[in-house]
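Me: I have a sequence and a model here. Can we go through some of the labels together?

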Amino acid sequence: MRSPRSLVGGSPAAPHEITFDGRELPALPGQSIAAVLWGAGILAWRTTREGGAPRGAFCGIGSCFDCLVTVNGRPNQRACLVPARPGDTVTTQEGTGRADLAV
């Protein structure tokens, strides 16, 4: 039986790893950071500014900003839009992600 994969002759590229809060997670080329986290059973990776409520992906298309993470030291990255790259360091974002600027 012919499959779409057999028709194009493609094969998946080798997986790589990213680190989330010190934990190594497998990622596939083309996966968003949110997809990698979901695949690992992680459903929340940010806390709200007021109250510290947990948040994760909500809309999945970059409109709602609930999925913000810090990637390689850069806060406020939308996990649903940012592709997971080999060696990325992703951390939970607390509030605005700008604790060093707090007054």
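Me: Which residue in strand 4 is the bridge partner of Arg 46?

Reply: Keep in mind that this model is predicted. In strand 4, Arg 55 is the bridge partner of Arg 46.

Me: How do you know that strand 3 and strand 4 pair?

Reply: Pairing takes at least two bridges between two strands. Strand 3 (residues 46–47) and strand 4 have two bridges, in the antiparallel sense. Therefore they count as paired.

Me: What is the order of the three strands in the open sheet?

Reply: The order is 4-3-8, and the pairing is mixed.

Me: What makes strand 4 and strand 8 edge strands?

Reply: Strand 4 (54–55) and strand 8 (93–94) each pair on one side only.

Me: Why is Cys 67 in no disulfide?

Reply: A disulfide needs two cysteine sulfur atoms within 2.5 Å. The nearest cysteine sulfur to that of Cys 67 belongs to Cys 80, 3.6 Å away. The structure holds zero disulfides.

Me: Is Ser 11 buried or exposed, and how do you know?

Reply: Exposed means over 50%. Ser 11 has a relative accessible area of 58%, so Ser 11 is exposed.

Me: Where does Ser 11 lie?

Reply: Ser 11 is in the loop between helix 1 (4–8) and strand 1 (16–20).

Notes:
Residues numbered from 1 in each chain as written. Predicted model: local features only at pLDDT ≥ 70, side-chain atom pairs only at ≥ 80, totals over all residues. Heavy atoms only, no water. Helix = DSSP H or I, 4+ residues; strand = E, 2+ residues; numbered from the N terminus. Buried < 20%, exposed > 50% of the residue type's maximum accessible area, 1.4 Å probe, protein only.
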